[in-house]
Amino acid sequence: MKEEFIALNVVKNNSNNRFELTVDGFTAFIDFKEKDHVIKLIHTESPPELSGRGVATALIEKTLVYLEENNYKLIPLCPLVFAYIKRHLEWKRIVDASFNGFKD
């Protein structure tokens, strides 16, 4: 993660069902659904104003840390989150056992 994002906090916005990261007044987000302490990450979006800065990656990383620290299990339906976990297989540790998307 880039240095400029380390001090920023991810926010779990329950009213909008999304994790949010605000950078320079613009908010990137990941839509989620939650049931029984399992979170499905559905869609990641970053405003064009933040394009190319690594904000989406920082948001994904911070969201995964949040999920782990709060004992959630993950179902990575968002293609960006899925691709991130495929590149960083150590995060499979928080993927719910019901998710069959990864081939060993």
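**Basis.** I am working from a predicted model, in which local features need pLDDT of at least 70 and side-chain atom pairs count only at pLDDT 80 or more, while totals for chains, interfaces and linings use all residues. Residues are numbered from 1 along each chain as its sequence is written, and side-chain values use heavy atoms, with hydrogens and water left out.

**Sheet.** I looked up the strand order and found an open sheet of five strands, β1-β2-β3-β4-β5, with mixed pairing; strands (E, at least two residues) and helices (H or I, at least four) are DSSP runs numbered from the N terminus, and two strands pair if DSSP finds at least two bridges between them. β1 (11–13) and β5 (73–76) are the edge strands with a single partner each, so one side of each has no neighbour in the sheet. I then followed β1 to β2 (residues 18–23), an antiparallel pair joined by three bridges, where N13 has R18 as its bridge partner in β2.

**Helix α2.** I looked up T63, which is found in helix α2 (residues 55–69), and noted that T63 counts as buried because its relative accessibility is 0%, the limit being under 20% relative accessible area with a 1.4 Å probe and protein chains only. Not counting residues up to four places away in sequence, T63 touches V10, F19, I30 and L41, contact meaning heavy atoms within 4.5 Å.

**Core.** I recorded that the largest nonpolar core has 30 residues, with L64 and L67 among those with the most contacts inside it; such a core is a set of buried Ala, Val, Leu, Ile, Met, Phe, Trp, Tyr and Cys residues joined through side-chain atoms within 4.5 Å. α2 gives the most to this core, with six residues.

Note on methods:
Buried means under 20% relative accessible area, exposed over 50%, partly exposed in between (1.4 Å probe, protein chains only).
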